[in-house]
Amino acid sequence: MEKNEKLAGLAFLLLLGGLGLASLFIVLFAELAEEVMEKEVEFFDDFVINFVQASSSSTMDTIMFFLTEMGSVWFLTLSSIIVLLVLGVKMKDKWGVLFFIIAIGGGSLLTLLLKHLYLRDRPSINEAIDAVGYSFPSGHSMGSLIFYGFVIYLVIRTRQRPWIQMTAVSVLSLLIIAIGTSRIYLGAHFPSDVLAGYIAGLIWLMLSLIALEWIQWHSKSPVPPVQALRHLLGPLYKSVLTKIPFFSK
């Protein structure tokens, strides 16, 4: 029982740490949004755009068009259906299905909300690459981080072989970066839009996964969270008090 309490207490601390990290990213997003609205990121945007587009060619155009489709609404929607079938039919993970829907669906709504909140114009309009509407934050970047990030979580959570986990994490992480880069290369977004999309997507993904982990842990663990935390921090709390002269008397 004591071992279970310690494990549960550590899990609870990790969840609290995740919430703290998400809070830091919220502050970071707010700071970036403020700088974008005050037009203080123009040098950064111009530098990155020139760097990314320096290697432009017809072959690179084809590659970037392909990569940007990997983060498009139609592709992520189709891929999400496949993931839901795996979660619901094969894994029978009802909580996974629910929070995957919350992550993807909620992320899409959050993207629209933020775009209409900041109303930033795009560097160029091109319907062929889904470059319509407002620019900040990048929907492709935000959506791809949430979707592929959730898939990475599932690969790690299902305890696949180490080489499978390493390969999946590496490939999907590079794909997320490549999708954002393609949006800059194709002129659909400013680099600051892409960075904001990554930050906002990471925040929403972290909150979704924290909620999922909390529900799954709370439904399976025989130890109440507060009791687990009390047993974990109790000895540390007492040792600190004994070192304070007033309490050690």
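Reader: What makes Leu119 count as partly exposed?

Author: Happy to start there. The relative accessibility of Leu119 is 45%. Buried means under 20% relative accessible area, exposed over 50%, and partly exposed in between (1.4 Å probe, protein chains only). Leu119 therefore counts as partly exposed. A word on the model: it is predicted, local features need pLDDT of at least 70, side-chain atom pairs count only at pLDDT 80 or more, and totals for chains, interfaces and linings use all residues. Residues are numbered from 1 along each chain as its sequence is written, and side-chain values use heavy atoms, leaving out hydrogens and water.

Reader: Where is Leu119, and what is its phi?

Author: Leu119 sits in the loop between H5 and H6. Its phi is positive, about 55°, although Leu119 is not a glycine.

Reader: And why is Lys92 called exposed?

Author: Lys92 has 65% relative accessibility, so it counts as exposed. This residue belongs to the loop between H4 and H5, and it too is a non-glycine with a positive phi, of about 50°.

Reader: Which secondary-structure elements does the protein chain have?

Author: There are 10 helices and 0 strands. Helices (H or I, at least four residues) and strands (E, at least two) are DSSP runs, numbered from the N terminus. Buried residues account for 41% of the 249 residues in the protein chain.

Reader: How do you know that H6 is mostly covered?

Author: Of the 19 residues in H6, 15 are buried.

Reader: How does the reach of H6 compare with what is expected at 1.5 Å a residue?

Author: From its first C-alpha to its last, H6 reaches 26 Å, close to the expected 27 Å. That expected span is 1.5 Å times one less than the number of residues. Just after H6, Arg159 takes a positive phi of about 55°.

Reader: Why are H4 and H6 called roughly parallel?

Author: The axes of H4 (residues 73–90) and H6 (residues 139–157) cross at roughly 25° and come within 11 Å. Axes are lines fitted to C-alpha atoms, for helices over the stretch in contact, and angles run from 0 to 180 degrees between N-to-C directions. Angles under 35 degrees count as roughly parallel, over 145 as roughly antiparallel, 65 to 115 as roughly perpendicular and the rest as oblique. H4 and H6 are therefore roughly parallel to each other.

Reader: Which residues of H4 meet H6?

Author: Phe75, Leu76, Ser79, Ser80, Val83 and Leu87 in H4 meet residues in H6 including Phe147, Tyr148 and Val151; contact means heavy atoms within 4.5 Å. By class, this contact of H4 with H6 has 8 nonpolar, 4 polar and no charged residues. Here Ala, Val, Leu, Ile, Met, Phe, Trp, Tyr, Cys and Pro are nonpolar, Asp, Glu, Lys and Arg charged, and the others, Gly among them, polar.

Reader: What makes H5 roughly antiparallel to H6?

Author: The axes of H5 and H6 cross at roughly 170° and come within 10 Å. That crossing angle makes H5 roughly antiparallel to H6. Among the residues in this contact are Phe99, Phe100 and Lys115 in H5, and Met142, Ile146 and Phe147 in H6. The contact of H5 with H6 divides into 9 nonpolar, 4 polar and 1 charged.

Reader: How do you know that the peptide bond from Phe136 to Pro137 is cis?

Author: Its omega is near -5°, and the bond is cis. Pro137 lies in the loop between H5 (94–118) and H6.
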